[in-house]
Amino acid sequence: MNANVATSRQALKVLIVEDTKTITNLLQVYLMGWGLEFFDAPNGVVGLSKARELKPDLIISDVQMPEMDGFSLCAAVRADAQLHATPFMMLTSLKDEASRQKGNLVGASAFLNKPVSVDDLRSKVRVMLNLPATNR
C-alpha cells in the first residue's frame with residue numbers, strides 16, 4: 001500500500017501512461033513545482049510492468065492506447081495486491097457517460113476529459129497525493 005505523505009524525504013513517483021509523448025511532457029510541466037519524480041510508459045502493457053516495478057504514488061493514464069487501454073490497465077492495477085490502493089487518474093477525449101461509468105467501474109480515482117484543465121488536474125493530483133495548495 002502506498003503511503004502518500006508530501007513531507008517524506010523521497011520524491012513522490014508519478015507514472016504517466018500515455019501514447020502521445022507531447023501530452024506526457026505537458027502533464028509533467030503542468031505538475032512541476034512539487035518535486036515529483038516522473039516516469040512514463042507508451043501503453044498499458046508497459047505501464048503495468050513499470051507500475052509493478054516502481055510502485056508509484058499516482059498513475060495518470062490515457063484511455064485510448066495500443067496494446068492495453070486505460071480501462072484494462074486500471075482493472076489490472078486494482079487486481080494487483082501491491083498496487084490496488086494506488087490513486088489512478090484517467091485522461092480521455094471520450095466524452096460519453098458510458099466511458100465515465102466504465103472508468104468508475106474499473107476503479108478510477110478520477111476521470112478528466114482532454115483537453116485537460118490545468119487547474120482541475122493540479123487540484124485532483126494535490127488531493128490524491130496530499131500536496132500543499134500551491135506548487136509554484
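In this predicted model, Glu67 is exposed, with a relative accessible area of 66%. Glu67 belongs to the loop between strand 3 and helix 3. Its phi is near 75°, a positive value in a residue other than glycine. A positive phi, of about 55°, also occurs at Asn130, which is not a glycine. Asn130 is found in the segment after helix 5.

The loop between strand 3 (58-62) and helix 3 also holds Met65. Met65 counts as buried because its relative accessibility is 11%, and the limit for a buried residue is under 20%. Leaving aside neighbours within four places in sequence, Met65 is in contact with Val17, Glu18, Asp19, Pro42, Asn43, Gly44 and Gly70. Between the C-alpha atoms of Met65 and Val45, which are 20 residues apart along the chain, the separation is 9.9 Å.

Val17, one of the contacts of Met65, is also a member of the largest nonpolar core, which has 22 residues. The members that touch the most others in this core are Val17, Leu48, Ile59, Leu73, Val77, Phe88 and Met90. At least two core residues come from each of strand 1 (13-17), strand 2 (37-41), helix 2 (44-54), helix 3 and strand 4 (88-92). Helix 3 gives the most, with five residues. A second, separate core has 19 residues, including Leu12, Leu31, Leu121 and Leu129. For Val17, again leaving aside neighbours within four places in sequence, the contacts are Ala41, Asn43, Gly44, Gly47, Ile59, Ile60, Ser61, Asp62, Met65 and Leu73.

Helix 3 (residues 70-79) also packs against helix 4 (residues 97-106): the two axes come within 9 Å and cross at roughly 20°. Helix 3 is therefore roughly parallel to helix 4, since angles under 35 degrees count as roughly parallel. The crossing of helix 3 with helix 4 is right-handed. On the helix 3 side, the meeting residues are Phe71, Cys74, Ala75 and Arg78, and on the helix 4 side they are Ser99, Lys102, Gly103 and Val106. By class, the residues of this contact comprise four nonpolar, two polar and two charged.

One further backbone feature concerns a proline. Lys114 and Pro115 are joined by a cis peptide bond, with omega about -5°. Pro115 is located in the loop between strand 5 (110-113) and helix 5 (118-129).

Terms used: Residues are numbered from 1 along each chain as its sequence is written. This is a predicted model: local features need pLDDT of at least 70, side-chain atom pairs count only at pLDDT 80 or more; totals for chains, interfaces and linings use all residues. Side-chain values use heavy atoms; hydrogens and water are left out. Axes are lines fitted to C-alpha atoms, for helices over the stretch in contact, and angles run from 0 to 180 degrees between N-to-C directions. Helices (H or I, at least four residues) and strands (E, at least two) are DSSP runs, numbered from the N terminus. Angles under 35 degrees count as roughly parallel, over 145 as roughly antiparallel, 65 to 115 as roughly perpendicular and the rest as oblique. A crossing is left-handed if the near helix is turned anticlockwise from the far one by less than a right angle, and right-handed if clockwise. Contact means heavy atoms within 4.5 Å. Ala, Val, Leu, Ile, Met, Phe, Trp, Tyr, Cys and Pro count as nonpolar, Asp, Glu, Lys and Arg as charged, and the others, Gly among them, as polar. A nonpolar core is a set of buried Ala, Val, Leu, Ile, Met, Phe, Trp, Tyr and Cys residues joined through side-chain atoms within 4.5 Å. Buried means under 20% relative accessible area, exposed over 50%, partly exposed in between (1.4 Å probe, protein chains only).
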